[in-house]
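Please consult the sequence and the structure shown here while reading.

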Amino acid sequence: MAVLLQSVIAGIWMFALITQTRRLLRLARVEQLRNWAEPSRSRIRTGLNRIWWWLGQDEFWNGVQLDGLRCIELTLMIFLAAWGLGW
């Protein structure tokens, strides 16, 4: 049963990580830099610079903080429910 609870908690955190990574890539508009004919270093560098820039913005981190708080809340709720049920 403990493995199931740990898997659920890990899944919650993984979902938040994937969601925020997708959000970061969307904010940096990385998909607009794709050109399947010839990937160039300048496009890759531009995409990485955009990602780096968004990592320094409060707009991005406010969303990360909210998702982090939701994950902490769900983790505590699962822990307390498991503790109350005596697992």
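**Helix packing around H3**

The buried residues of H3 pack against H1 and helix H2 (41–55). In this predicted model, those buried residues are Phe-60, Gly-63, Asp-67, Gly-68, Cys-71, Thr-75, Ile-78 and Ala-82. H3 itself comprises 28 residues and spans 40 Å from its first C-alpha to its last, close to the 40 Å expected at 1.5 Å a residue. The helix is followed by Gly-86, which has a positive phi near 80°.

The packing of H3 with H1 can be described in geometric terms. Helix H1 covers residues 2–27 and helix H3 covers residues 58–85; their axes lie 10 Å apart, at an angle of about 170°. Angles over 145 degrees count as roughly antiparallel, and H1 and H3 are therefore roughly antiparallel to each other. On the H1 side, the contact is made by residues including Leu-5, Ile-9, Ile-12, Trp-13, Ala-16 and Gln-20, and on the H3 side by residues including Phe-60, Gly-63, Val-64, Asp-67, Cys-71 and Ile-78. The residues of this contact divide into 15 nonpolar, five polar and three charged.

Gln-20 is located in helix H1. Is Gln-20 buried or exposed? The residue counts as buried because its relative accessibility is 9%, and the cut-off for burial is under 20%. Leaving aside residues up to four places away in sequence, Gln-20 touches Phe-60, Gly-63, Val-64 and Asp-67. With Asp-67, the side chain of Gln-20 forms a side-chain to side-chain polar contact of 2.3 Å. Asp-67 is also one of the buried residues of H3.

Key. Residues are numbered from 1 along each chain as its sequence is written. This is a predicted model: local features need pLDDT of at least 70, side-chain atom pairs count only at pLDDT 80 or more; totals for chains, interfaces and linings use all residues. Side-chain values use heavy atoms; hydrogens and water are left out. Axes are lines fitted to C-alpha atoms, for helices over the stretch in contact, and angles run from 0 to 180 degrees between N-to-C directions. Helices (H or I, at least four residues) and strands (E, at least two) are DSSP runs, numbered from the N terminus. Angles under 35 degrees count as roughly parallel, over 145 as roughly antiparallel, 65 to 115 as roughly perpendicular and the rest as oblique. Contact means heavy atoms within 4.5 Å. Ala, Val, Leu, Ile, Met, Phe, Trp, Tyr, Cys and Pro count as nonpolar, Asp, Glu, Lys and Arg as charged, and the others, Gly among them, as polar. The expected span of a helix is 1.5 Å times one less than its number of residues. Buried means under 20% relative accessible area, exposed over 50%, partly exposed in between (1.4 Å probe, protein chains only). A polar contact is a pair of N or O atoms within 3.5 Å; within protein, one must be able to donate a hydrogen and the other to accept it, and residues adjacent in sequence count only if both atoms are side-chain atoms.
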